[in-house]
Each structure stands twice: as C-alpha cells, then as structure tokens.
Amino acid sequence: MKKIILLLLCLTFFSVNAQKITKKFLVGKWTSESTEMVFSIENKKDFKIVCYSTLSGNYLKVTDYQFDKGSFYLETLHEPNNWVAIAKFFRIDDNTLVADYVCDSPGQVIYKRVINTNQ
C-alpha cells in the first residue's frame, strides 16, 4: 500500500511539473553559466531567438527550433569551430528551464529567467 501511495505522489508531482513550453512563456532573457538566450515575438507573430556564448564570447547561429508535446527543441551552431548542439528544454517552473544537450559535450544545463526589476 505504501508503494502505491508513493507512486501516486510521484506521478502527481511529475504531471504538475510537466508544464508546456510555449513561445509566450519563453519570451524574455534566459541565462546559464555558459549561454544567454533572448526570445522575442516581433510583429505579433515572428519568433526570434538570439543565443550568445558567455564562454567563447560568440553568438550562436540558430539553425532550427520546434515545439513538440510541450517541450522545446533548439539546434544551434557555434560557427568558429562548426560545433552543433541540439537541446531539449523542460520547464521546471515559471523561471527555470533544464536543457538536455546532445553535442560533443553532452549534459544538462539549467537556465534561469532574468527578471527585470526596473519595470
């Protein structure tokens, strides 16, 4: 019985935290220890992504992105060394994303929303 209750609690926790990522949710500036990303919607429909590597000091070229089943996928290219990275983003809460990267240095990166306190 204890195992069933624990399983139900875990499923509830994961279903509550499995929030969808939408364009509207992403709008703003996100930062990690290695990358800054700015998402914006221009002209009420054009989705724009600007990625900057804080490690190399170079902008990353966004080669593809897509939304699928509540997740967000982003493919970038670091042009100086032709390094391609594909990330699958998961929403943890309103100000935290986790990205699973598939690239030469795979792993997870945590992104935090930069909140503008001047508003």
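Is Phe25 buried or exposed? Phe25 is buried, with a relative accessibility of 10%, where buried means under 20% relative accessible area, exposed over 50%, and partly exposed in between, with a 1.4 Å probe and protein chains only.

1. Basis of the note. This is a predicted model, in which local features need pLDDT of at least 70 and side-chain atom pairs count only at pLDDT 80 or more, while totals for chains, interfaces and linings use all residues. Residues are numbered from 1 along each chain as its sequence is written, and side-chain values use heavy atoms, with hydrogens and water left out.

2. Overall architecture. The protein contains two helices and eight strands; helices (H or I, at least four residues) and strands (E, at least two) are DSSP runs, numbered from the N terminus. Read from the N terminus, the order of the elements is α-α-β-β-β-β-β-β-β-β. The protein has 119 residues, and 28% of them are buried.

3. Helix 2 and Asp94. Phe25 belongs to helix 2, which covers residues 23–26. Phe25 and Asp94 are 69 residues apart along the chain, and their C-alpha atoms are separated by 8.0 Å. Phe25 is buried at 10% relative accessibility, whereas Asp94 is partly exposed at 46%.

4. The largest pocket. The space in the largest pocket amounts to about 380 Å³. The search uses a 1 Å grid over the protein atoms alone: a pocket is an open set of points where a 1.4 Å probe fits, with protein on both sides within 12 Å along at least five of seven lines, and lining residues have an atom within 4 Å of a point. Grid points are joined across faces, edges and corners, and the volume is the space filled by probe spheres set on the points.

5. The lining of that pocket. The largest pocket is lined by 21 residues, and Ser34, Thr35, Leu55, Leu60 and Trp83 are those that lie nearest its centre. At least two lining residues come from each of strand 2 (35–42), strand 3 (46–53), strand 5 (71–78), strand 6 (83–93) and strand 8 (107–114). Strand 8 gives the largest share, with four residues. By type, the lining has twelve nonpolar residues, nine polar and no charged; here Ala, Val, Leu, Ile, Met, Phe, Trp, Tyr, Cys and Pro count as nonpolar, Asp, Glu, Lys and Arg as charged, and the others, Gly among them, as polar.

6. Salt bridges. How many salt bridges does the structure hold? There are three, a salt bridge being a side-chain nitrogen of Lys or Arg within 4 Å of a carboxyl oxygen of Asp or Glu. Glu36 pairs with Lys29, with the closest N and O atoms 3.6 Å apart; Glu36 is partly exposed at 26% relative accessibility, and Lys29 is partly exposed at 34%. Lys48 pairs with Glu42 at 3.9 Å between the closest N and O atoms; Lys48 has a relative accessible area of 41% and Glu42 has 36%. Asp94 meets Arg91 at 2.5 Å, N to O. In this pair Arg91 is buried, at 15% relative accessible area, while Asp94 is partly exposed.

7. A nonpolar surface patch. Val84, Ile86 and Val102 form a nonpolar patch on the surface, and together they have about 240 Å² of accessible area. Patches are made of residues with over 30% relative accessible area and no salt bridge; like charges are joined within 9 Å, and nonpolar side chains (Val, Leu, Ile, Met, Phe, Trp, Tyr) within 5 Å. The areas come from the Shrake-Rupley method with a 1.4 Å probe, and for residues only the protein chains shown count as cover. Val84 lies in strand 6 and is partly exposed, at 40% relative accessible area.

8. Positive phi angles. Most residues other than glycine have a negative phi. Lys44, although not a glycine, has a positive phi of about 65 degrees. Lys44 is placed in the loop between strand 2 and strand 3 and is exposed at 84% relative accessibility. Lys69, also not a glycine, has a positive phi of about 50 degrees. Lys69 sits in the loop between strand 4 (59–68) and strand 5, and Lys69 is exposed at 79%.

9. Gln108 and Phe89. Gln108 is part of strand 8 and is exposed, with a relative accessible area of 58%. Gln108 and Phe89 are separated by 19 residues in sequence and by 9.5 Å in space, C-alpha to C-alpha.
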